[in-house]
Structures are given as C-alpha cells and as structure tokens.
Number of protein chains: 2
Amino acid sequence: MEANRTGAGLTGLATTAADTRSLTAADVEAARAETPGCATVLHLNNAGAALMPRPVYEAITGHLAREYAIGGYEAKEEAQGRIEGVYGSLARLLGAAPREIAVVENATVAFDLAFHAIPFAPGDVVFTSVAEYASNYLAYLRAREAAGIAIRVVPDDERGQLDVAALERLLAEPGPGGRARLVAVSHVPTQSGLVQPAAAIGAAARRHGALFLLDATQSAGQLPLDVAALGCDLLCSTGRKYLRGPRGVGFLYVREAILDELRPPFIDLHAATWTGPESYELRPDARRFENWEANYAATLGLGAAVDYALDRGLEATWARVRALGARTRAGLAAIPGVTVHDRGATLGGIVGFSVAGWEAEALRGALRARRDRPDGTAGARPINCSVSVASSAILDFAGRGVESWVRASPHYYNSEAEIDEFLGAVAALARR
Amino acid sequence: MEANRTGAGLTGLATTAADTRSLTAADVEAARAETPGCATVLHLNNAGAALMPRPVYEAITGHLAREYAIGGYEAKEEAQGRIEGVYGSLARLLGAAPREIAVVENATVAFDLAFHAIPFAPGDVVFTSVAEYASNYLAYLRAREAAGIAIRVVPDDERGQLDVAALERLLAEPGPGGRARLVAVSHVPTQSGLVQPAAAIGAAARRHGALFLLDATQSAGQLPLDVAALGCDLLCSTGRKYLRGPRGVGFLYVREAILDELRPPFIDLHAATWTGPESYELRPDARRFENWEANYAATLGLGAAVDYALDRGLEATWARVRALGARTRAGLAAIPGVTVHDRGATLGGIVGFSVAGWEAEALRGALRARRDRPDGTAGARPINCSVSVASSAILDFAGRGVESWVRASPHYYNSEAEIDEFLGAVAALARR
C-alpha cells in the first residue's frame with residue numbers, strides 16, 4: 001500500500017497496481033472489518049456522510065486526546081508535519097501541487113470562497129447545469145445582486161446530462177454585452193446517479209476563455225479526479241461523503257496560474273500579512289483562502305481518509321461503486337411500484353427512487369425503523385438512506401411530478417448481500 | 001448548578017448564587033480534577049486554547065463515536081435536541097435570544113461574515129482601536145478596496161485604553177462626506193491584559209447611529225458578557241479560548257432588530273430557500289449566517305463548554321482570572337530584567353512580557369522544555385505560553401521597541417502554586 005502512496009507523484013493521478021486492479025472480495029471484507037459501523041447499520045447514505053474507517057476515526061480522536069492532554073496549540077505544533085502531509089495527500093488525490101490546496105470548513109465554504117473571489121463585472125455570464133445544487137445556484141443569485149452577473153442554465157441532452165454542444169454554442173455567443181466568464185457545474189448532483197461529462201465541459205470552457213469551477217462534493221472519493229484532465233481551474237469538495245472522512249472539513253483546489261486573478265472575499269492574518277496602516281500582502285499559495293483557526297482533528301481525519309482512498313485505488317473503488325449502483329438501480333426498477341429517477345450517460349453510486357403510495361420521508365423512516373430480518377427473525381440493522389427534496393435542485397425536479405424522493409448511495413465497502421437485503425426491504429414496503 | 005442554568009433566562013446575564021459567590025479553593029480543586037491536562041502541563045496558554053474539562057471532551061468524543069457507529073447524518077438526527085440546546089446555552093451566556101445566535105467555524109469567520117454583511121457605501125467610516133487584531137484590520141482594508149470605506153483609528157487615552165471621549169468627537173465629525181457607520185473593537189486584544197471599555201464604546205456608537213461590532217474572542221468565558229449592557233449589535237467569539245471549548249468552532253450574535261439591514265456575504269440552502277430561477281428567501285433568524293454543513297462534534301463541545309462556564313459562574317471565575325492575572329503581572333514585574341507590557345484601566349488574565357537577553361520565541365521554548373522542578377528534582381511539567389508578534393497588532397506594537405513578547409494567560413483553574421512555579425521558572429531563566 002505504501003508503494004501506491006510513494007508512486008502517486010504530484011503532477012497526475014497515480015496509476016499504480018492499487019489503482020488499476022479490481023477490488024477482490026477479500027479487499028471488501030477487509031474494508032468492512034475496518035469499519036465498525038458496518039455491524040450496526042446497513043449504510044446506504046454515503047452521499048450524505050459515509051461510515052468512517054478506523055484509521056480516520058483514530059486520526060481524529062488521537063489528535064483530540066492530545067489537545068485534551070497538552071493543549072490545543074501545543075497539540076497542533078506536535079502534529080505540524082502530519083498536518084502538512086494532508087496537503088500532499090489532497091494534491092495526490094487531485095493530480096495537483098500541495099501549494100494549490102486550501103483546507104477549509106466544507107465544500108460549500110470552498111465553493112463560496114472560490115466563486116466570490118472571481119472579480120465579476122456587470123455583463124459577465126455564468127453557465128451552469130440543470131441538475132445544479134441549490135447552494136451553488138444561490139451563490140450565483142447572490143453575485144447577480146452584488147455584481148450584476150447573468151446566469152445561463154445549459155440544457156440537458158437527450159441522455160439527461162449537460163449538453164456540451166449547447167454549452168459550446170452559448171459560450172460562443174454569450175449575448176449582447178455579455179462575456180463568458182465562468183462555467184460552474186456539480187460533477188455529480190446530490191440527487192441522482194448522473195456523472196456530468198466534466199472533462200468535455202472543462203475543454204469547452206477553456207476554448208472560450210471561461211474559468212471552470214467544478215463542484216466535486218459528490219465525486220471526490222467516488223471516482224478518480226485529475227484536475228489537468230478535467231481542465232478545471234477551481235475544484236471544491238468535502239471530507240464526509242465518498243472520501244469517508246469527518247464532518248465539518250472540506251477543501252479547495254486553485255490552479256496556480258489563476259491565483260492572482262482572484263480576490264479572496266475574506267482575508268486574515270493567515271491569508272495575508274498586515275504590513276502597515278494601509279497595506280497587506282497575500283500569501284503566495286492557495287492557503288490565502290484559508291483562515292488561521294481550524295479544527296485540526298478534522299483536518300487530520302481528512303488526510304487519513306484521502307490516504308485510505310488512495311491506498312484502495314480510485315479506479316478500483318469506482319468500478320465497484322458503479323457496479324453496486326447499477327445493481328441497486330436494476331433491482332429497484334424490477335420492483336412493482338418503484339420508479340428510479342436517475343438519468344445520464346454515465347451513472348455512479350447515487351440512486352434516486354420513489355415507491356408508489358409512499359412519501360419519501362416516510363419511506364426513509366420505515367427503512368430505518370425496520371426490525372425484522374428478511375427471514376422473519378428480529379434484530380435487523382437499520383437501513384440508512386436519505387431524502388432528496390425539490391428545493392435542493394429545483395431545475396432538475398421541475399416536471400418530474402414529485403417533490404422529493406429517497407436517495408440510496410452505496411459505496412465500495414457495501415456488500416452485494418447488503419444491496420439485496422435493501423432491495424428486499426423496499427419490495428416488502430412496496431407491497432404494503 | 002442546575003438552578004443557575006434554569007435561572008439564567010434569556011434577556012440578561014444571570015445573577016444567581018453561582019455567579020455572585022467567589023470560587024472557593026475546593027471549586028478550583030474540583031475544576032482541576034475535571035481537567036486531566038493539569039497533570040501533564042502547566043498551562044498558561046488559555047488565550048491560545050484553554051485545556052478542555054472532561055464534559056467538553058466527552059461531548060465531542062461521544063458524538064464522534066456515534067458518527068463512527070451509525071453514520072454522520074444519523075448521529076446528527078439523534079443529537080438534534082442537544083444541538084438546539086447549544087443555541088440556548090450561547091444565548092444565556094450573552095443575554096441574547098437563541099434566534100440571535102449563529103454557530104460558525106470560528107471567531108474570524110464570524111467577524112468576517114458580520115462585517116462584510118454591512119452594506120457599506122463609499123464614505124462610510126469604520127472606527128477601531130489602536131490595539132486592534134490584525135485579522136479585523138485586514139477585513140477593514142478588504143472593505144476599503146471593495147466598498148470605498150474609510151478607516152479611523154481612535155487614539156488611546158492616557159491609561160492605554162480606547163479614548164471614549166475622542167471616539168465621541170470622531171463619531172460626531174466623521175469628516176466631509178463621511179458617515180459614522182460602524183465601531184468595531186476587540187474587547188480584549190490578543191496581545192495584552194487590556195479590557196476595553198466596551199459598554200461606553202457601545203453607548204457612544206448608539207448615540208451617533210453607528211453599528212457596534214464587538215470582537216469577544218478573548219473575552220467570552222473570561223468575563224461576563226451581556227449584549228444589552230454592552231450595547232452591541234454584533235458580537236463574535238470562539239470556543240477554544242477562555243470558554244475552554246474545542247478548536248474549529250465559534251459563534252456570532254446578531255441583534256434581531258438589525259438582521260434585515262445586513263446582507264450575508266454567502267448564502268446556501270441552509271441560510272435561504274431557493275424558490276425559483278431568479279429568487280430565494282432568507283431564513284428569519286441569525287442562522288442565515290451559517291451554512292448547512294458543520295462539525296457537530298465541535299458544536300456539541302462548544303455547548304458543553306458554555307454550560308460548564310455558566311455552572312461555575314462568570315462573575316466568580318472573572319474575579320479569579322483578574323486576581324491570577326494581577327499575581328502574574330506583579331510577580332513578573334518584580335523579577336530583574338523583566339518588562340510587563342500590559343496597559344489599561346482594567347486588566348484581565350492576559351499578561352505580555354519580555355525578559356532582557358531573551359528572544360520571545362526562545363523564552364517560550366525554554367519554558368516548555370524545562371525538565372527540572374523548582375527544588376531541583378527532575379520531571380517538571382512543561383510550561384505552556386505563547387508569543388505575540390507585532391504583525392498581529394502592528395498599531396499597538398508601534399513604538400514599544402520590541403517585535404514580539406511572551407504571553408502568559410492564566411485561567412480560573414490554574415492554581416496559585418502554578419503561577420508561583422511559573423514565576424520561579426522565569427526568574428531562573430532571567431538569571432542565565
């Protein structure tokens with residue numbers, strides 16, 4: 001496993017033995033054994049927050065124990081080398097350089113810091129997707145108020161993903177007085193299995209001189225990411241989802257070449273040096289988007305999560321996530337009364353579905369509250385899913401005829417038996 | 001102890017038995033017994049990050065254990081009532097209403113969110129103090145670039161605190177085309193024992209129609225706070241310092257009457273509801289300054305820390321902090337070669353000092369590295385202090401003739417014997 005880490009390098013996504021091989025049944029068993037939560041819950045809420053593996057939990061609690069024993073600043077000093085290592089790990093995950101990484105509170109904060117750092121001028125056009133996440137769209141609306149930008153939603157193609165040809169046309173003709181300034185897209189939307197054609201979107205943006213901000217909140221840890229191949233200038237993501245890290249920590253990638261084009265909305269004595277009553281100097285790397293104080297236990301947990309993901313190999317885990325997603329989708333579609341909502345040319349681990357006669361929230365509760373095993377004996381583990389609501393993605397929900405649906409999101413450490421147990425539970429509830 | 005919590009109410013700082021009595025030697029011993037770090041370190045870095053008491057540590061690790069066992073979202077659902085309780089605890093601490101509280105990443109983020117939410121117009125004047133913290137001043141410089149505000153530094157009076165009479169004059173005559181928009185002040189600066197006359201500053205701001213933003217980063221948990229008595233519209237603070245809470249969490253108070261005057265710089269689906277392609281609606285309370293994702297283990301730790309502080313009583317612990325600060329200051333001043341840098345009419349727990357012949361960083365390291373007890377036997381606990389540098393408060397350091405000094409910051413759980421042991425260690429180093 002160490003070989004993978006060493007071989008990853010800083011300039012591209014590692015392609016090592018760990019990345020190209022498939023996960024074996026023994027690999028899955030080992031990952032489950034390192035995940036005590038697997039014994040307690042049948043966890044299909046990895047798109048919410050995944051179950052942490054032991055090394056992540058121990059990185060967090062180990063640091064907290066030191067803060068408790070010797071003080072918060074003193075524990076940070078002691079962990080300084082490991083904290084620096086987190087930047088290296090994130091850089092390897094993305095094919096970036098450590099100086100292009102900022103560790104921040106979460107993906108939304110990373111998105112906001114990056115987006116609002118762009119010096120928009122009136123007439124600047126921001127292009128986005130139908131499947132866009134509410135919080136991102138709200139940032140566009142906020143910038144429209146503050147800076148007079150225009151928002152253009154690129155239509156989907158017939159497969160249900162962003163229509164890259166339409167994006168090209170819109171970028172070429174942003175309208176009278178308009179300038180194609182930014183393409184900002186959720187790589188994998190919160191509410192469905194869709195994986196957007198991010199590399200093609202990035203290439204289109206680059207051709208037309210627009211910046212490309214990729215929201216990788218649901219894709220980091222789910223599929224391999226390489227910022228050069230994706231052509232993105234800015235990328236944000238979170239720890240708690242497919243990376244299996246802690247809550248309350250995320251990260252931002254800023255391509256070094258555009259760093260000085262951006263104006264961080266907030267600056268403090270970590271981001272800049274106060275040099276005089278009327279002057280300051282920004283630090284030279286992407287950490288100008290951070291602020292001084294952080295939850296270092298969470299930072300170290302994030303680093304452990306990235307190392308754990310790299311050790312398994314993103315190609316290998318992505319193949320398994322896709323397979324488990326497909327098994328879930330096919331199994332659900334075969335149950336009478338079930339509708340699967342996913343559309344797109346490439347589908348990943350997230351599955352959105354409804355069951356006739358069930359409100360989504362009630363169905364989620366019933367899956368969580370079940371107490372009987374498929375064989376009728378008592379003591380089944382709760383099934384963890386979540387609910388996607390229209391207000392989190394109103395453009396994508398429009399015309400679907402539902403206001404919410406249940407989201408099941410397997411990860412590589414879920415077993416085929418768990419998927420089948422989940423399908424059995426849904427089938428039983430659908431018959432009620 | 002429960003009586004204190006119940007009697008605190010929501011409209012003012014509680015004045016109950018726990019608040020008005022003094023801490024007894026037994027109270028201090030009990031607090032030390034609940035603070036395992038006291039056995040490991042002689043901790044005089046409470047202005048950096050205090051040692052957490054057991055209930056705080058257990059609130060954090062208890063929640064992490066549930067996230068590990070059942071999933072991050074599921075653990076949050078389970079803790080929902082206790083998370084709501086944190087807002088009630090913070091409201092009691094400040095004499096505010098729970099709907100006026102936002103829990104955010106840290107005090108700097110709280111300050112930035114509040115400050116940059118003020119809809120500044122060119123010519124607006126922001127008044128601040130000589131002792132101001134770098135990160136706050138950097139925010140003023142950032143707003144000067146973005147919105148054309150002017151920054152006026154109010155001089156100190158002869159005692160070394162902000163000159164309230166001078167502030168009154170400046171507020172009355174903000175200059176041609178100027179408008180007195182905001183007074184923003186660090187209640188207790190990071191680098192010294194000074195406690196600014198915040199209530200008088202607040203009254204002056206109110207008289208002249210300016211908003212008052214109080215940075216209580218170093219004062220929350222050190223001394224009693226009541227937002228009505230202080231006359232502040234906005235207050236920010238952190239968990240890790242005198243409140244003895246976790247790192248990476250802080251809070252913001254927003255007076256309800258000014259909520260709609262402000263424009264949160266960032267909005268997401270927690271702060272607002274996305275209602276249409278061109279519209280959104282902000283939530284009705286101060287949580288419009290939060291974002292959806294948080295480190296709930298830290299939030300719960302913060303709540304436990306506030307409850308712990310309220311249970312001891314802020315009047316009682318403040319009396320002891322002042323007394324230990326004074327003992328430290330007097331003891332240091334009596335050592336040949338030591339200079340104490342604190343000035344102000346009211347001094348608290350923070351003590352800034354230099355020792356002739358010692359660089360501050362080297363002195364801090366020597367205090368931390370010492371291995372001998374005062375009686376010459378081996379095995380002394382490291383002494384934790386920190387260093388204040390000019391770049392963290394350049395206006396206050398100007399003319400002092402030093403670029404940095406050591407900061408010792410006792411809290412109520414430090415013993416008199418610890419202060420004396422620290423003084424002995426400094427005296428021994430000063431003789432070298």
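Analyst: Two residues are in contact when they have heavy atoms within 4.5 Å of each other. This is a predicted model, in which local features need pLDDT of at least 70 and side-chain atom pairs count only at pLDDT 80 or more, while totals for chains, interfaces and linings use all residues. Residues are numbered from 1 along each chain as its sequence is written, chains are lettered from A and ligands numbered from 1 in the order in which they are written, and side-chain values use heavy atoms, without hydrogens and water.

User: Which residues are in contact with B:Phe115, apart from its neighbours within four places in sequence?

Analyst: B:Phe115 is in contact with B:Phe120, B:Val126, B:Ala139, B:Tyr140, B:Ala143, B:Ile149, B:Leu182 and B:Leu213. In the largest nonpolar core, which has 82 residues, A:Phe115 and B:Phe115 touch the most other members. A second, separate core has 72 residues, among them A:Leu90, A:Ala220, A:Ala298 and A:Ile350. Such a core is a set of buried Ala, Val, Leu, Ile, Met, Phe, Trp, Tyr and Cys residues, joined through side-chain atoms within 4.5 Å.

User: Where is B:His116, and what does it touch?

Analyst: B:His116 is in the loop between α6 (107–115) and β3 (124–129) of chain B. Leaving aside neighbours within four places in sequence, its contacts include A:Pro265 and A:Phe266 in chain A, and B:Arg142 and B:Arg263 in chain B. Its C-alpha atom is separated by 7.5 Å from that of B:Pro264, 148 residues apart along the chain.

User: Why are α12(B) and α15(B) called roughly parallel?

Analyst: Helix α12 (residues 314–333) and helix α15 (residues 416–431) of chain B pack at an angle of about 20°, with axes 10 Å apart. Angles under 35 degrees count as roughly parallel, over 145 as roughly antiparallel, 65 to 115 as roughly perpendicular and the rest as oblique. The two helices are therefore roughly parallel. Their crossing is right-handed. Residues that meet there include B:Leu324 in α12(B) and B:Phe422 in α15(B).

User: What makes α4(B) roughly antiparallel to α11(B)?

Analyst: Helix α4 (residues 54–70) and helix α11 (residues 296–312) of chain B pack at about 155°, with their axes 8 Å apart. That angle makes α4(B) roughly antiparallel to α11(B). The contact is made by residues including B:Ala59 and B:His63 of α4(B) and B:Leu300 and B:Ala304 of α11(B).

User: Why does A:Arg244 count as buried, and why does B:Ala417 count as exposed?

Analyst: Buried means under 20% relative accessible area, exposed over 50%, and partly exposed in between (1.4 Å probe, protein chains only). A:Arg244 has 2% relative accessibility, so it counts as buried. B:Ala417 has 55%, so it counts as exposed. B:Ala417 lies in helix α15 of chain B.

User: What is the phi of A:Arg244, and where does this residue sit?

Analyst: Phi of A:Arg244 is near 65°, a positive value in a residue other than glycine. Most residues other than glycine have a negative phi. A:Arg244 sits in the loop between β7 (234–238) and β8 (250–254) of chain A.

Key. Axes are lines fitted to C-alpha atoms, for helices over the stretch in contact, and angles run from 0 to 180 degrees between N-to-C directions. Helices (H or I, at least four residues) and strands (E, at least two) are DSSP runs, numbered from the N terminus. A crossing is left-handed if the near helix is turned anticlockwise from the far one by less than a right angle, and right-handed if clockwise.
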